Amino acid sequence: MAYSNKVIDHYENPRNVGSLPKEDPNVGTGLVGAPECGDVMKLQVKVNPDTGVIDDAKFKTFGCGSAIASSSLATEWLKGKTVDEALAIKNTDIVAELSLPPVKIHCSVLAEDAIKAAIGDYKKKQGKADTAQATAQPTA
Amino acid sequence: MAIKLPIYMDYHATTPADPRVVEAMLPYFTEHFGNAASRNHPFGWEAEEAVDTARKQVADLIGANAKEIVFTSGATESNNLAIKGVAEMYREKGNHIITAVTEHKAVIDTCKRLEKEGYRVTYLPVQKNGLISLDDLRNAISDKTILISIMTANNEIGVIQPIAEIGAIAKEKAILFHTDAVQAAGKIPFNVNELKVDLVSISAHKMYGPKGVGALYVRRRNPRVLLAPQIDGGGHERGMRSGTLNVTGIVGMGKAAELCRQEMARDAARLSGLRDRLSERLHTGLDEIFVNGSVEHRLPHSLNISFAYVEGESLLMGINDVAVSSGSACTSASLEPSYVLKALGAGDDLAHSSIRFGLGRWTTEEEVDYVADKLINVVTRLREMSPLYELAKEGVDLSTMQWEVH
Ligand SMILES: Cc1ncc(COP(=O)(O)O)c(C=O)c1O
């Protein structure tokens, strides 16, 4: 598999790896994908409650280089955007920026899903004030 | 000593030709270019003599008689010829074939085609260690069974099946027994009579010979195995495989077989030492890594490890100056991990996290240490980036999580 230089750059120098406190009411967490499918992305946003702007974004990804790059790029793009602007990020934007080949488009789809899940989680928290909840929970 | 990069550690995929093999082949491209089937001039005789020598060298490697060796274009063809050849020839006797789920595609897909033509195929499962169960085999046999095809050593995990025991069962039931010995031949002792096998596929490029040449051992006595040819033509190779012989390739395969026979014990001892060194270093430097398949019943130069919580392709990307294979095939929306690892019940996540290491004749200790150190670094880095590792460290049981499967 030949990777584009941008994918390699994100893989070697991933931006914003890490975790934000899940329980913080201003933090939204998205956890998408499945281990048996070969990729899982956790993406978190921290929203400034006064401005509605995303102050910080972090990710952790289990997946191929393109999956890592897609989520790393997503965190870069999220910072400084309002929640609504964030929701406008499309997987095709990620495909174009990283020059992903057709077999890797699902990585960008997963990144878009992760953004939507994180924002969704944040909105849910805002709606239900203090019931902090992550998107995926152990069923047991 | 400085190491030369990239490092090749994928000897199961193919091996470089030994320089001594290449040297033996060279005159047969130019000086001795004759057609081994030309019976009426010295050019043909020379070529035929060279083929006869090679036939003996290949036969000696597996304890066979030279007359029992049929040269082919490789083990894919040998597997096709063995299985289709028996199926067609013994159709009157029965239509049932027994094989295993972890076989190479050249066996599985050949069997799949025969199923379309009305044959019945049993694909035996394997146990967690990668071995078939002899009880399963016995239970699968019926009076319609004409062939058992079980590989000697697996190409992904290096696990060695109980061939002698299977041979004894096949003999007792008077069923023909084929084994794909591509990964084992030249690497571990293999004798067709001790193992009671009737058909054996081997390939030159997996034992330091050239690509595009292989052989099928076809037993001539007790019992005499008959095959319906799958390629028709001039009746070469006792009518079982027509086509002008690839004399240069065959000479190379012969030389490769001879070298393997002479150097096998030394190579195996050295490589199992290096393989164990690699395994120990990785186990010391990393937690949560698992060897796939039996450690005991394994080729001396093979190691397949799952690095939990790290995906295989990203792992390969981090060690891009080391040539190895991954059990993960992250290339489509339906990410299919290795069917061999799945068959072990490894769990798809661990299958996605696996790397196959194949050591060989030119692997050095320095290379092993370089690969071990590099992997420890990359796995550590990727785990810091892995949400699964984080969850596991928080004490979450990943198998009880509800994942949104796309
Ligand atoms: C176990 C096994 N069988 C068959 C083959 C096919 O051999 P060849 O490349 O000679 O067709 C291979 C090699 O990929 C193999 O590993």
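A residue counts as near a molecule if one of its heavy atoms lies within 4 Å of it. Keep that cut-off in mind as you work through this predicted model.

**Exercise 1. The ligand's surroundings**

Find which residues come nearest to the ligand, and describe the shell around it.

*Solution.* 
- Step 1: Start with the neighbours. There are 13 residues around the ligand, and Thr76(B), Asp180(B), Ser203(B), His205(B) and Lys206(B) come nearest.
- Step 2: Sort the shell by class.
- Step 3: Look for the main contributor. Helix α3 (residues 75–89) of chain B gives the most, with three residues.
- Step 4: Check some polar atoms. A ligand nitrogen is 2.5 Å from an N or O atom in the side chain of Asp180(B). Ligand oxygen atoms lie 2.8 Å from a polar backbone atom of Ala75(B) and 2.8 Å from a polar side-chain atom of Lys206(B).
- Step 5: Now the cover. Alone, the ligand exposes 400 Å², and the protein buries 85% of that.

**Exercise 2. Where the chains meet**

Work out how many residues each chain brings to the contact, and what lies across the interface.

*Solution.* 
- Step 1: Count each side: 35 residues come from chain B and 39 residues from chain A.
- Step 2: Turn to area. The two chains bury about 3100 Å² between them, 64% of it on carbon and sulfur atoms. In chain B, Met317(B), Met385(B) and Trp403(B) lose the most area to chain A, together 21% of what that side buries.
- Step 3: Search for charge pairs. The rule finds four salt bridges across the interface. Lys42(A) and Glu390(B) meet in a salt bridge through their side chains (2.6 Å, N to O).
- Step 4: Sort chain B's side by class: 16 nonpolar, 10 polar and nine charged residues touch chain A.

Note on methods:
Residues are numbered from 1 along each chain as its sequence is written. Chains are lettered from A and ligands numbered from 1 in the order in which they are written. This is a predicted model: local features need pLDDT of at least 70, side-chain atom pairs count only at pLDDT 80 or more; totals for chains, interfaces and linings use all residues. Side-chain values use heavy atoms; hydrogens and water are left out. Contact means heavy atoms within 4.5 Å. Buried area is the accessible area (1.4 Å probe) that two parts lose on being put together, summed over both. Ala, Val, Leu, Ile, Met, Phe, Trp, Tyr, Cys and Pro count as nonpolar, Asp, Glu, Lys and Arg as charged, and the others, Gly among them, as polar. A polar contact is a pair of N or O atoms within 3.5 Å; within protein, one must be able to donate a hydrogen and the other to accept it, and residues adjacent in sequence count only if both atoms are side-chain atoms. Accessible areas come from the Shrake-Rupley method with a 1.4 Å probe; for residues, only the protein chains shown count as cover. Helices (H or I, at least four residues) and strands (E, at least two) are DSSP runs, numbered from the N terminus.
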